[in-house]
Amino acid sequence: MTNAKLEVLTPHNSQIIFIDHQPQMAFGVQSIDRQVLKNNTVALAKAAQVFNIPAILTTVETESFSGNTYPELLDVFPGQDILERTSMNSWDDQKVRDALAANGRKKVVVAGLWTEVCNNSFALCAMLEGDYEIYMVADASGGTSKEAHDYAMQRMIQAGVIPVTWQQVMLEWQRDWAHRETYDAVMDIVKTHSGAYGMGVDYAYTMVHKAPSRQTSEHRTLAPVAAPVR
């Protein structure tokens, strides 16, 4: 007997949905620093783009309440349709169900706001009614308090949702550094979005392997000039 949850994520078996990464929703997030949340979300989106993962973007009440999706997220998917809803639960919108079905992949990576509302309801319904496997990206999602996020994650995990982080997902898609067709793009995401890990990669590239620094502007380094000491 096979266990689908033991299958790693690959570029061929998964799709991704971004739920309501909109400013009014982000304003209410208290479980994670909001700039970190945006960084992680955009990094996850860039990873999905690198590996050609089918992506769905959903919004709720854009004009009347929530505002426009992060521009940085939209720019990762130029020309991508945005699926607008009124329901807090994306599963309740037929466009979302149709898009998931059209992608033809049962493993659904989910990032969204808020964890305890939109993510939770979508995950439970997609599992129950659509027979999807849900991989909830904890650090590209946020709740109205740490408790709200944590208990929502626990509830979903008890129901069978698999908790993941954005970098975990990206590196699972990469799997082998010998996959050179995606290596450079993945390392670019790491250097831009992965904090200390990315700084370490920059250091290794420039100081150990003598690669040029990756800034695009020109700068001169002026030699030290000792000032008189009294």
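Predicted model: local features only at pLDDT ≥ 70, side-chain atom pairs only at ≥ 80, totals over all residues.
Let's start with α7 by itself. Helix α7 covers residues 146-159. With 14 residues at 1.5 Å a residue, α7 should span 20 Å, and its end C-alpha atoms do sit 20 Å apart, so the two values agree.

Which residues of α7 are buried? They are A148, H149, A152, M153 and M156. These cover an arc of only 125 degrees around the axis, so they lie on the same side of α7. Turn to the face pointing away from that buried side and you'll find the exposed residues K146, Y151 and Q158.

What do the buried residues of α7 pack against? Their partners are α6, β5 (133-137) and β6 (162-164).

Now for the pairing with α6, which runs over residues 115-130. The two helices pack at an angle of about 5 degrees, and their axes are 9 Å apart. Angles under 35 degrees count as roughly parallel, so that's what α6 is to α7. Here is who takes part in the contact:

| Helix | Residues | Contact residues |
|---|---|---|
| α6 | residues 115-130 | T115, E116, N119, N120, A123, L124, M127 |
| α7 | residues 146-159 | A148, H149, A152, M153, R155, M156, A159 |

Sorted by kind, the residues of this contact come out as 8 nonpolar, 4 polar and 2 charged.

Terms used: Residues numbered from 1 in each chain as written. Heavy atoms only, no water. Axes fitted to C-alpha atoms, helices over the stretch in contact; angles between N-to-C directions. Helix = DSSP H or I, 4+ residues; strand = E, 2+ residues; numbered from the N terminus. Parallel < 35°, antiparallel > 145°, perpendicular 65-115°, else oblique. Contact = heavy atoms within 4.5 Å. Nonpolar A, V, L, I, M, F, W, Y, C, P; charged D, E, K, R; others polar. Expected span 1.5 Å × (residues − 1). Buried < 20%, exposed > 50% of the residue type's maximum accessible area, 1.4 Å probe, protein only. Arc of directions from axis to C-beta.
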